[in-house]
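Student: I have not read a structure like this before. Could we go through it one feature at a time?

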Amino acid sequence: MTIEIKVPTLGESVTTATIGKWLKQPGDSVAADEPVVELETDKVSVEVAAPASGTLGAHAVAEGAEVEVGAVLTTLTEGGAGAAPAKPAPKAAAPAAPPAAAPVVAPPAETDYDVIVIGAGPGGYVCAIRAAQLGFKVACVEKRATLGGTCLNVGCIPSKALLQSSENYHAATHDYAGHGILIDGVKLDLARMMARKGEVVEANVKGVEFLFKKNKVTWLKGTGKIEGTGRITVDGKPVTAKHIVIASGSDSAGLPGVEVDEQTIVTSTGALELSSVPKKLVVIGGGVIGLELGSVWHRLGAEVTVIEYFDRLVPGTDNEIAKQFQRVLTKQGLQMKLGHKVTKAEKTGKGVILTVEPAAGGKAETLEADIVLLAIGRTAASGGMGLEEAGIALDKRGRIVTDAHFATSVPGIYAIGDVIAGPMLAHKAEDEGMAVAEILAGQAGHVNYDAIPGVIYTWPEVATVGQTEEGLKDAGVTYKVGKFPFMANGRARAMGMTDGFVKVLADATTDRVLGVHIIGPGAGELIAEATLAMEFGASSEDIARTCHAHPTLSEAVKEAALDVEKRAIHI
């Protein structure tokens, strides 16, 4: 029997992948679950395994090629080593040669620092601090007036401050009466809410500045540019180091026909600074950023419409979770226009007129909005740093190409975080920052990319780690499912927050936990237990036999683990 090995469902919003490396060649005998090819995307780097033992057929695509989710990578003839090898495909044309590298300049004999980190976001500042803890003389280059990068200044932290404030406002106007708390004349003071958000940001960025001083990390203020091994400039001033780590992060992705001015057509940065609640807000992009900020402004009174190119929200998440998520948000009042694309945005004196078409083709229509939020993703911030001139290789998406130890194509220069392949998540960047610092110190720094959690901080929250059902099916992995609804959880009932459920996926043979998906109250905190379980290779039985305090939301995780073997107690 011949089996097709296809590109599996990958991370959130991921529709394509790049062939990083073929681990097996045509005619090779492979065992079941043995890795065959390594794929790379914006969100994740994964190995695709053989679904059964047999002989590998021809490669359908060459290394470096971009393929869509679901595309055939190769075939497998079942039957073990005795099976006849498939005829290799003709060799693909060699990829275009990269731009000629700048002449190699010898590294400096003496340096100003042991380690220089470019970028003071979560990846960069954590890397700098960890390197300093390990005894290196460290400097961190940052062009912003404050430390913390996008995350602390205009991303994770301010958005969570507004999410919390808007949740409190919504609870006061809609939920407290059910608890016997009657509040008359609730008013929104948006200026104060924004001021509080600023105070939260300031406390965090000042905290990083304090940590730099505590750990004797030098802050080099300005724009860093790579000159070669051991050499950079900061606003034109030469600085040298034994090791250079690039942690420049990412920028909001643009969309043809939609010109951002951060006033009426905004990215997440502008959406965090609105001076009044828009009457009509249109969000382009049904991913994490769009849904979080759309939720903020909807709770404060805006009429919100979400336009998503795909026929579902947050593509790449578990389908069952995504469907429940859509139902809950729609019930809250967010309007969804799925399977559509925006082709034009025309600013008027009153706001913006958007031209919207079905993604599959069809009649165009127009939508009016006071504010448009463009939130279709982010791109690596690799421009303007002299990378290509210095000989540092970039992939098709502008990300820095690194090896398994974060080394670039130029000796002594490393890269981490959003500027390289993998999930564009602050905690992923932090772990990489710590890992590369430890590698430079001769230690065994490591990041387990199979156990990187992701959280959407809407209400209810959505949290996920590991494989989805769709991914397991595509990979041919047999699995069991355990689920438990928050409606049956005592603490959730007491809180009045019963939307959602916990879902545990475990290997049908070994019972090892392969993925956990949660929609419901506190999902972002609950996912930590699942991540720890996966990091240590736990089984669903391990979670099920771990004593959980009662009454807590975490009991829903235990019950879902019990349900893998259909022995949940409270349903």
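Student: Which helix gives the most to the lining of the second largest pocket?

Tutor: A word on the source before that: this is a predicted model. Helix H3 gives the most to that lining, with 7 residues.

Student: What is the volume of the second largest pocket?

Tutor: The general idea comes before the value. Rolling a probe the size of a water molecule over the atoms shows where empty space is left. Here the second largest pocket has a volume of about 760 Å³. It is lined by 24 residues, and those closest to its centre are His 170, Asp 175, Gln 332, Trp 459 and Met 497. Two or more lining residues come from each of helix H3 (156-175), helix H6 (288-299) and helix H7 (319-332).

Student: How do the residues of that lining divide into nonpolar, polar and charged?

Tutor: The lining of the second largest pocket has 9 nonpolar, 10 polar and 5 charged residues.

Student: How many cavities of 30 Å³ or more does the count come to?

Tutor: A cavity differs from a pocket in that a probe fits inside but cannot get out. The count here comes to 1 cavity of 30 Å³ or more. The largest cavity holds about 50 Å³ of space. Among the residues lining it are Ser 252, Thr 267, Ile 289, Leu 374 and Arg 378. By class, this lining has 5 nonpolar, 4 polar and 1 charged residues.

Student: Now a strand. Which residues point one way from E29, and which the other way?

Tutor: In a regular strand the side chains alternate between the two faces of the sheet. From E29, Phe 501, Lys 503, Leu 505 and Asp 507 point one way, while Val 502, Val 504 and Ala 506 point the other way.

Student: Why is strand E29 described as largely enclosed by the rest of the structure?

Tutor: Buried means under 20% relative accessible area. In strand E29 (residues 501-507), 7 of the 7 residues are buried, so the strand is largely enclosed by the rest of the structure.

Student: Which strands are joined to E29 by bridges?

Tutor: Strand E28 (residues 479-485) is joined to E29 by 7 bridges, and the two run antiparallel. One of the pairs is Gly 482 with Val 504 of E29. Strand E30 (residues 513-520) also runs antiparallel to E29, with 6 bridges between them. There, Lys 503 has His 517 in E30 as its bridge partner. The hairpin of E29 and E30 has 5 residues between the strands, and in it Asp 511 takes a positive phi near 70 degrees.

Student: In what order do the strands of the open sheet with parallel pairing come?

Tutor: The order of its 5 strands is E16-E23-E17-E18-E19. Strand E16 (265-266) and strand E19 (335-338) are the edge strands, each pairing on one side only. Strand E16 is joined to strand E23 (residues 371-374) by 2 bridges, and Ile 265 has Val 372 as its partner in E23.

Student: Is Gly 351 buried or exposed?

Tutor: Gly 351 is buried, with a relative accessible area of 3%. This residue is in the loop between strand E20 (340-347) and strand E21 (352-358). Leaving out residues up to four places away in sequence, Gly 351 touches Glu 346, Ala 369 and Asp 370.

Student: Where is the pLDDT below 50?

Tutor: Where pLDDT is low, the predicted coordinates should not be read in detail. The chain has a mean pLDDT of 92, and 94% of its residues reach 70 or more. Over residues 80-102 the pLDDT is below 50.

Notes:
Residues numbered from 1 in each chain as written. Predicted model: local features only at pLDDT ≥ 70, side-chain atom pairs only at ≥ 80, totals over all residues. Heavy atoms only, no water. 1 Å grid on protein atoms, 1.4 Å probe; cavity = no way out; pocket = protein on both sides within 12 Å on 5 of 7 lines; lining within 4 Å. Points joined across faces, edges and corners; volume = space filled by probe spheres on them. Helix = DSSP H or I, 4+ residues; strand = E, 2+ residues; numbered from the N terminus. Nonpolar A, V, L, I, M, F, W, Y, C, P; charged D, E, K, R; others polar. Buried < 20%, exposed > 50% of the residue type's maximum accessible area, 1.4 Å probe, protein only. Pairing = 2+ DSSP bridges. pLDDT = per-residue confidence, 0-100. Contact = heavy atoms within 4.5 Å.
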